[in-house]
Amino acid sequence: MRVMVGSPLLERIRRREAKVGVVGLGYVGLPLGMAFAEAGFPVVGLDVDKRKLDKIEKGESYIKHIPSAPLAELTKAGKLKATGDFSRSKELDCIIICVPTPLTASREPDMSYIIQTGESLAPHVRRGQLFILESTTYPGTTEEVLKPILEKNGLKAGVDFHLAFSPEREDPGNKNFNTKTIPKIVGGYSPECSEVAAALYGSALKEVVPVSSTRVAELAKLLENIYRCVNIAMVNEMKMLCDRMNVDVWEVIQAASTKPFGFQPFYPGPGLGGHCIPIDPFYLTWKAREYEFHTKFIELAGEVNWQMPYYVVQRTMEALNKAKKTLNGAKVLCLGAAYKKDIDDMRESPSLRIMTLLAEKGAELCYHDPYVPELHKGHGFNMEMKSVPLEPEKLGEYDAVLILTDHTNIDYAAVVANATCVIDTRNATKGVPQGREKVTKA
C-alpha cells in the first residue's frame, strides 16, 4: 500500500508557499480567499459567475460588508486572482470548496453544486494536493459524494491526496466576528489529512478546532444551526400565542433575558433566512431516514418556521380588515428584502416568500431596501422588481406598510407618523412613542 508523505505540503504551508484555491466566491469563499491572501498565500479563486470574476479583477467588492479597498489592494499586488478555468486547479496545492447546498423543491438535499465542482476538479487532481469541503451538508457527504468523484483518475484520498471537511461559519454583517476570528472546525479523512488541513487554516485564522472525522465536522455544523432553528421555532410559536393572549412577546423576552443564567434570548420574525438555518434541519432529517430514525422534534421546528410567512400574511389581512380594506387590491409597501438587517444577502429571505404570497392574494406590491436595489426571478420568486424610494410624504398612499427587515438606517418614527397602517414583524417600531394605534405586530 502506498503511504502518502505529508511533510512536503506541510512545509509549503508553513512557509506560505502553498498555492490556495477557493471554489465559489460568494459570501463564504470571497472573505476566505482574502484571509489567505492577507496571510501571505498566493490565492486563486475559481467561479463560473463571470460577473464576480470581472469585479474581482477590477478590485470591486460585490458583497456589502466586504469593502473594496482591501480587495483592490490584494488584486493589484497579484496576491488574489480569479478565473473560470478549472484546469488551473492542477497548479494549486490546497483547494477549498465553498459552493451552495440548497434544498430541492421537495426539501431534499441538492448536491448538484458539489457534484459539478467535483467533476470539474477531478481530471486535474494530482498527488499531494489537499481538498477541503466547506459547504454545509449532511454527515457523510465528503466521503460518500465528493471522495469518489475526486478519485476517478485513480488517485486515492488519504494515500495520494488529502481530504477534509471544515464547515463555514460566516455571519454576514456581524461586527464582532469575521472569517479570521471565528474558530474553525476541521475534520480529515485520515489523521494526516486532518493535520495538513489544520495547518493550512492555522496559518491564516486565529483558532483551529480539530475533530476526529469529516462526519463529526459535518454534523457539528448542522447541530449549531439546528440549535438556533429549534429555539427560533419555539419563540415564533410563543409569539403567535402571545398575539392571541394580547401580550407583547418582545416585552416577555426582554423580561426573561434579565435572568443571568439558564436563558438565552431568541427573537421571533417573519420566517427564517440565510443559507443555513432554513435548510440545515432538513439535511439531517433526510439523512436520518437512512438509519430508520425519525427526527420528529427537529422536523416540527422546521415546520413551525416554514409557516411564519403565512402567519405574517394573515396578520396583514387582519390589519387591513380593521381599516375596512381587503388585501385583494391593497397597495402594500414592504420594507426590507434582505434576510436580516444591514446586509444585502438575499439567500432564503422570508421577505420573498411573503411578497409572493401577498401577490397571489391580489395585493399591489412595492418594496424598499437600501441594500437590495433589484429583485429578480428565481428560487420560487416570480417577480422582477426595483426598490422604490422611501419618501415619508408618500407613505400615506399605501394601504399598508409591512416591515420585514429592520435595517437601522430607516426612520421608523417617520414611517409610523406618515403611514395609515403598519405591520411590524421585527419590533422595529418599539421606540416610537406616537401613532401606536397604527401598528400591528406580526
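My entries below go from the ground rules to the sheets, a helix and the charged pairs.

**Ground rules**

I am reading a predicted model, where local features need pLDDT of at least 70, side-chain atom pairs count only at pLDDT 80 or more, and totals for chains, interfaces and linings use all residues. Residues are numbered from 1 along each chain as its sequence is written, and side-chain values use heavy atoms, with hydrogens and water left out.

I looked up the strands (DSSP runs of E, at least two residues, numbered from the N terminus, while helices are runs of H or I of at least four). Two strands count as paired here if DSSP finds at least two bridges between them.

β2 (residues 43-46) runs parallel to β3, joined by four bridges, and G45 faces A82 in β3.

**The five-stranded sheet**

In what order do the strands of the open sheet of five follow one another? I read β10-β9-β13-β14-β15, with parallel pairing. β10 (364-368) and β15 (439-441) stand at the edges, and each has a single partner strand, so one side of each lacks a neighbour in the sheet. The twist averages 20 degrees from strand to strand.

I followed the pairings across. Four bridges hold β9 to β13 in parallel, with C334 opposite L402. Three bridges pair β13 with β14 (residues 422-424), also in the parallel sense, and L402 stands opposite I423 there. I423 in turn stands opposite T440 in β15, where β14 and β15 run parallel over three bridges.

Is β13 buried or exposed on its two faces? A400 and L402 on one side, and V401 and I403 on the other, are all buried. Buried means under 20% relative accessible area, exposed means over 50%, and partly exposed lies in between (1.4 Å probe, protein chains only). As background, I noted that side chains in a regular strand alternate between the two faces of the sheet.

**Helix α8**

How far apart are the end C-alpha atoms of α8 (residues 214-245)? They are 47 Å apart, which agrees with the 46 Å that its 32 residues should span at 1.5 Å a residue. The expected span is 1.5 Å times one less than the number of residues. N246 follows α8 and has a positive phi, near 60 degrees.

**Salt bridges**

How many salt bridges does a search of the whole structure find? It finds 25, each being a side-chain nitrogen of Lys or Arg within 4 Å of a carboxyl oxygen of Asp or Glu.

- K180 and E38 meet at 2.5 Å, N to O. They link distant parts of the chain, 142 residues apart: K180 is in the loop between β6 (162-165) and β7 (184-188), and E38 is in helix α2 (residues 29-38). K180 is partly exposed at 33% relative accessible area, and E38 is partly exposed at 38%.
- E143 and R215 meet at 3.0 Å, N to O. E143 is in helix α6 (residues 141-150) and R215 in helix α8, 72 residues apart. Both are partly exposed, E143 at 21% and R215 at 31%.
- D399 and K325 have their closest N and O atoms 2.9 Å apart. D399 lies in the loop between β12 (385-386) and β13 (400-403), and K325 in the loop between α12 (308-322) and β9 (331-335), so the pair ties together parts 74 residues apart in sequence. D399 is buried at 18%, whereas K325 is partly exposed at 32%.

I also found that salt bridges with shared partners join E143, E144, R215, K287 and E290 into one network.

Key:
Axes are lines fitted to C-alpha atoms, for helices over the stretch in contact, and angles run from 0 to 180 degrees between N-to-C directions.
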